[in-house]
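Please look through the structure shown here with an eye to its pockets, one of its sheets and its aromatic side chains.

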Amino acid sequence: MANAASFRGLSAVSGRIAWAGGTEGAILRTTDGGVTWRRVSPPATEALDFRDIEAFDANSAFALSAGPGPASRLYHTIDGGTNWRLLLANDAPKGFWDAIAFWNPRRGVLMGDPAGATFDIRLTDDGGKSWRRPERLPEARPGESAFAASGTCLIVGTGGRAWFATGGKGGGRVFRSSDWGRTWDASETPVRHDGASSGIFSIAFQDHRRGIVVGGDFQKPGEARGHVAVTGDGGLTWTPVQGPPLYLSAVRWRGDVLVATGPSGTVQSSDGGRTWTESVPPGYHTLDIADGRIWAAGSGGPTLIFR
């Protein structure tokens, strides 16, 4: 396994199948519950940083690399990583892609930082063969961007719903769509965004109404304040709650329990994010949940942390 790589992309398909993406072009896959991981990277991608993975089974997956301009790329495999097809490369020199998400194997959305006045949104409804921008792109404020920290700043829900969260001095907002990403509306949150390295890093919804955002300042991880907020109306309004004393880069729902992680630790909440208890001591960059099992990935590689 590529232990030297740092992993921020993770997609858990089941309790046995998961994919992970990281630095040095590393893409790993397991089909035995994490006992063994096999490197299945596209060729000649050692300079890329794969920040998001969206997998559907042991054979089919999309891998998004993040970086300036053409270092942001989207690959697809249908044979377990034996062969990859390059679908897209960012043609904006100042562009930077952050995350991808799929409602189903055919319909997905890609989101990137603004290279101008709007966020970069791409949509597919043919399994990634073609991508198009919606007619009206969501407008960005000066200093607003998203964080490609865990592949969880963009998520999708039922009925064509989708959300993405932002940071930076102009950020701290949640954008929401109810029409498969064609149009977006923004809501303010109380999450701190007092610097370029602060804001919302991850968003999760239990259903179409109940959700949470987490974050902080990754350059000041000890300043864990104003970094968690919840919603009960689908993201229209947000209420601050007292978060754990950690900068958090990823959050997921495991039934009625929230699990969140950051480089300094992993925590869980059974009351919707109002109080938190330590779940497992190590910290990670990202996590995912499938079949009730919690997968995580960070500087030490991907692992199954709760069976």
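The report below takes up the pockets, then a sheet, then the aromatic pairs.

The model is predicted, and the values that follow are computed from it. The largest pocket holds about 700 Å³ of space. Its lining is made up of 32 residues, and the closest to the centre are Phe-102, Ile-155, Val-156, Arg-252 and Asp-288. Several strands give two or more residues to this lining, among them S1 (7-12), S9 (96-102), S16 (198-205) and S24 (286-290), while S5 gives the most, with four residues. Sorted by class, the lining of the largest pocket has 18 nonpolar, nine polar and five charged residues.

The second largest pocket has a volume of about 210 Å³. Arg-8, Arg-51, Ala-149, Phe-201 and Phe-218 lie nearest its centre, among the 13 residues that line this pocket. Eight nonpolar, two polar and three charged residues form the lining of the second largest pocket.

Strand S5 also belongs to an open sheet of four strands, which run in the order S5-S6-S7-S8 with antiparallel pairing. S5 and S8 (85-89) stand at the edges with a single partner strand each, so one side of each is left without a neighbour in the sheet. On average, neighbouring strands of this sheet are turned by 20° against each other, direction ignored. Between S5 and S6 (residues 61-65), the antiparallel pairing extends over five bridges, and Leu-64 in S6 is the bridge partner of Asp-52.

The aromatic side chains form 18 pairs in the structure. For two of these pairs, the table gives the geometry.

| Pair | Centre to centre | Angle between planes |
|---|---|---|
| Trp-37 and Trp-295 | 5.9 Å | 90° |
| Phe-201 and Tyr-247 | 5.0 Å | 80° |

The planes of Trp-37 and Trp-295 stand at 90°, so the pair is edge-to-face. This pair links distant parts of the chain, with Trp-37 in the loop between S3 (27-30) and S4 (38-39) and Trp-295 in S25 (residues 293-298), 258 residues apart. Trp-37 is buried, with a relative accessible area of 13%, and Trp-295 is buried with a value of 0%.

Phe-201 and Tyr-247 are likewise an edge-to-face pair. Phe-201 lies in S16 and Tyr-247 in the loop between S19 (239-240) and S20, so the pair ties together parts that are 46 residues apart in sequence. The relative accessible area of Phe-201 is 1%, and this residue is buried; Tyr-247 is buried with 7%.

Notes: Residues numbered from 1 in each chain as written. Predicted model: local features only at pLDDT ≥ 70, side-chain atom pairs only at ≥ 80, totals over all residues. Heavy atoms only, no water. 1 Å grid on protein atoms, 1.4 Å probe; cavity = no way out; pocket = protein on both sides within 12 Å on 5 of 7 lines; lining within 4 Å. Points joined across faces, edges and corners; volume = space filled by probe spheres on them. Nonpolar A, V, L, I, M, F, W, Y, C, P; charged D, E, K, R; others polar. Pairing = 2+ DSSP bridges. Axes fitted to C-alpha atoms, helices over the stretch in contact; angles between N-to-C directions. Phe/Tyr/Trp six-rings, centres within 6.5 Å; stacked < 30°, edge-to-face > 60°. Buried < 20%, exposed > 50% of the residue type's maximum accessible area, 1.4 Å probe, protein only.
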